[in-house]
Amino acid sequence: MTGPHPFHTFMGEAIALARRGRWRAAPNPTVGAVLVRDGQVMARGYHTACGMPHAEVECLRDATANGVDPAGCTLVVTLEPCNHHGKTPPCSQAVLAAGIRHVVVGMADPNPVAQGGAEFLRQHGVRVDVGVREQDCRDLVADFVTWKLTDQPYVILKLASTLDGRIATRAGHSQWISCAASRRRVHGIRAGAGHAGGAVLVGGTTLFADNPLLTARCCDFSDAFPAAPQGDCSRVDGADAPRRQPLAVAVTSRMDEVAARAGELALLQQRASDTIFWTTEHAATSLAADTVRATGARVWGLPVTSDTTGTSDTAGARLDLRAGLARLRAEAGCLYVLCEGGGQLGLALLEAGLVHEFELHLAPKVLGDNAARPLFDGRAPLRMDDALGLRVAATAPSGEDIIVTLRPGDCF
Ligand SMILES: NC(=O)c1ccc[n+]([C@@H]2O[C@H](COP(=O)([O-])OP(=O)(O)OC[C@H]3O[C@@H](n4cnc5c(N)ncnc54)[C@H](OP(=O)(O)O)[C@@H]3O)[C@@H](O)[C@H]2O)c1
């Protein structure tokens, strides 16, 4: 077939619906569906939360509510209808029972337990087209695939940059590069990650320079991707505060400095029991670490990566971030990790192949100072072939900024 599939646009609607379920659907995949007849969307559904009906069933319910007979419709769904009894009965059977004769699927189910829905429907005479807007549909469930196939949480890197690629001035000042709408959006992601059981991660330099609290200051994370959430983000507490805040994780070998500044660090003063420090195994056994633990915070000793240029137990040691992330998932149940920088930590994650999604908030500002903190720094490639390659998955305006969503080139 040449040109886009006739249901390409309707798949776009199903994808937009699916995104509404992000954070709440975890650890299930986000899925959206529409029923189409005569070029019109007749019913809509998405997987609203784990344990709730799947998108196809929600869509069939919506059809009933709208007085629409699904039998005359094409079902357009981002993920192959499941073919097994999980928390809910198989969607493949519900689709067949509804009399639907044509199903358009974004991608085959990557879950071996649930797959087979397309084959089941075909065996019962239903026409099934698979692979419409497949990459977009794969991006939708990249978190789910990460949880299924690896021991890692799904990592979102977010950095705000000037047009000339700077994340802070030479004095370390970075508040604010991005506009209010972009910052609101970040709070929406924090709230979503908190809801799903997640953490916000920062590097040691950011910890000491910004003294961040890393809480979500608004709870509206519905549809937080890609549109910026609305609402008042100026308050930490109150009616708008999310019920569950993300954990805070800071990566630093400088336990002495953390202990010395315990009285002023917002994380230790206001939410120590939600805070975890990743440090060297040596520093984790120090008196300074005990001082930090006395505040209620956790201190985890991590191995140092073999490619470190520093000696293993000195300041500036490169910690094994993969090990830290695996432990966050295993011990703290973190499904999502939002890394909010800085650039050194972001680059280390990217180089280690640990970033699943990178949100670059590009502000229309120019510092024009070579000594200002760069977005990324520390590599020395001689050829363009040695550059880290990313794929642009989406771009969207956000107030005065542009948000570019990137994914690893070889992302699932
Ligand atoms: N525009 C933005 O979006 C944004 C976001 C965040 C921060 N900022 C600004 O950026 C500046 C800080 O950024 P930065 O790039 O200089 O530093 P950073 O990424 O915040 O912190 C780097 C530090 O993280 C620790 N670390 C431990 N293991 C590591 C590993 N494997 N890889 C990398 N780091 C590891 C080290 O801390 P130790 O040396 O303590 O061991 C390292 O020095 C601040 O001025 C801040 O205000 C801007």
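**A tour from the ligand to the sheet**

Begin at Gly-172, where a backbone N or O atom lies 3.1 Å from an oxygen atom of the ligand, and keep in mind throughout that this is a predicted model. With the ligand still in view, select Thr-206, which has a polar side-chain atom 2.5 Å from a ligand oxygen atom, and then Ser-253, where an N or O atom of the side chain is 2.6 Å from an oxygen atom of the ligand. On its own the ligand has 920 Å² of accessible area, and the protein covers 95% of this.

Next, display the whole shell of 30 residues that surround the ligand, among which the closest are Thr-206, Asp-210, Thr-252, Ser-253 and Arg-254. At least two shell residues come from each of strand 6 (154–161), strand 7 (166–168), helix 8 (204–210) and helix 14 (343–351).

Now move to the open sheet of 5 strands, which has mixed pairing and the order 2-1-3-4-5. Its edges are strand 2 (40–46) and strand 5 (127–130), each of which pairs on one side only. Select strand 1 (residues 32–37) together with strand 3 (residues 74–79), and you will find them paired in the antiparallel sense over 4 bridges, with Val-34 standing opposite Val-76 of strand 3.

Note on methods: Residues numbered from 1 in each chain as written. Predicted model: local features only at pLDDT ≥ 70, side-chain atom pairs only at ≥ 80, totals over all residues. Heavy atoms only, no water. Near = heavy atom within 4 Å. Polar contact = N/O pair within 3.5 Å; in protein donor to acceptor, adjacent residues only side chain to side chain. Areas by Shrake-Rupley, 256 points an atom, 1.4 Å probe, with all protein chains shown as cover. Pairing = 2+ DSSP bridges.
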